[in-house]
Amino acid sequence: MRFDDFIGNRRIVERLRAKLRENRFPHGLIFSGPDGVGKYTLAIMVAKALNCRMAQPGEFCDACPSCRKIESGTHPDVMTVSIEEDATQIKIAQVRRILGILDLQPLEGRNKVFIFDPADAINPDASNALLKGLEEPPENSFFILITVNVHELLLTVRSRCQVYNFTPLTLNEIRQHGVTDELMVRWSQGSIGRVRALDMARLKSGREVVLDFFETAVTATEEQFQDLLAVSAEIGRAKQEFESRMTILAILLGDVLYLKEGMPEKIINLDVQDRLSNLSSRASLERLVRMSEFLRTIESSLKSNVNRQMLAEVLAITANETVSDWLEQS
Ligand SMILES: [Zn+2]
């Protein structure tokens, strides 16, 4: 794979190549953006370009011993620093190891490249230690910090790096990755990494539960209130499942809103469009908006130990006009 084969975020690729060609490559870079859009892949490409002797500046051959070693993670001058097993953060000892070799000449290559992934996991002490490396990096040392959100990094670290903000891939870019199943393309949410991890059978069965919940919530009458609570209990069962179901619900809700606004081409769940259309004609816009507002509340309260069944019940009631009117009156 070469720079030309990198799919998505082309402006970033070309900016980096221009800097490589002009031989004014920044010593500190931050690649910020959603998971699964190729930030690490591009960092590895940059490391290859900084070391390959077989290609023009701004390019790499991907075939020489240097490129192959970088690809397999065995090049002594290109290191990826990540969270060690049984740890939750990147520790100061890991950063000190890098600082210890910073002033040494590269062992094999032209340049040393240190990739921190995920850089937001570098603990504060380690970040402060890293600053020393970023402040006066030797001519042949480069740091690439990879993060989902640049604002998770210390301001002092950020200010010493050039920040590249990656965006999600377009549907077409996901297709260019060879994804042919249209439902998978749309569920990618712009992340090829997410597509590769998608278990469609599991996703569909989870979605079925959520759709049932959504439909029951929107259509239940006063008499069916007990049914509604039963479905809510099913939704609120396990913590991890609850979270993934709320994510699915948010996506379904988005689709219903698109249908309501007359933009069917934007929906993700093409295969259940009929059911979603039905929901969009049954639920008022006000209800749907209230539901999505409540979903946001759920998202923020998930970090604390909340009663999930209760949240699901309130959500269901929020979606249901009859029951909520009846509750308000009683
Ligand atoms: Zn090469």
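Analyst: The discussion below treats a pair of helices, then the core.
This is a predicted model, where local features need pLDDT of at least 70, side-chain atom pairs count only at pLDDT 80 or more, and totals for chains, interfaces and linings use all residues. Residues are numbered from 1 along each chain as its sequence is written, and side-chain values use heavy atoms, leaving out hydrogens and water.

User: How do helix 10 and helix 11 pack?

Analyst: Two packed helices are described by the angle between their axes and the distance between them. Helix 10 (residues 200–219) and helix 11 (residues 225–235) pack at about 150°, with axes 10 Å apart. Helix 10 and helix 11 are therefore roughly antiparallel (an angle over 145 degrees).

User: Which residues of helix 10 and helix 11 meet?

Analyst: V209, V210, F213, T216 and A217 in helix 10 meet L228, V231, S232, E234 and I235 in helix 11 (contact means heavy atoms within 4.5 Å).

User: Which residues touch the most other members of the largest nonpolar core?

Analyst: In soluble globular proteins, nonpolar side chains tend to be buried together. The largest nonpolar core here has 84 residues, of which F31, L42 and F214 touch the most other members (a core is a set of buried Ala, Val, Leu, Ile, Met, Phe, Trp, Tyr and Cys residues joined through side-chain atoms within 4.5 Å). Helix 12 (residues 239–260) gives the most to this core, with nine residues.

User: Is F166 buried or exposed?

Analyst: F166 is buried, with a relative accessible area of 5% (buried means under 20%, exposed over 50%, partly exposed in between, with a 1.4 Å probe and protein chains only). Beyond four places in sequence, the residues that F166 touches include F31 and L42.

Terms used: Axes fitted to C-alpha atoms, helices over the stretch in contact; angles between N-to-C directions. Helix = DSSP H or I, 4+ residues; strand = E, 2+ residues; numbered from the N terminus. Parallel < 35°, antiparallel > 145°, perpendicular 65-115°, else oblique.
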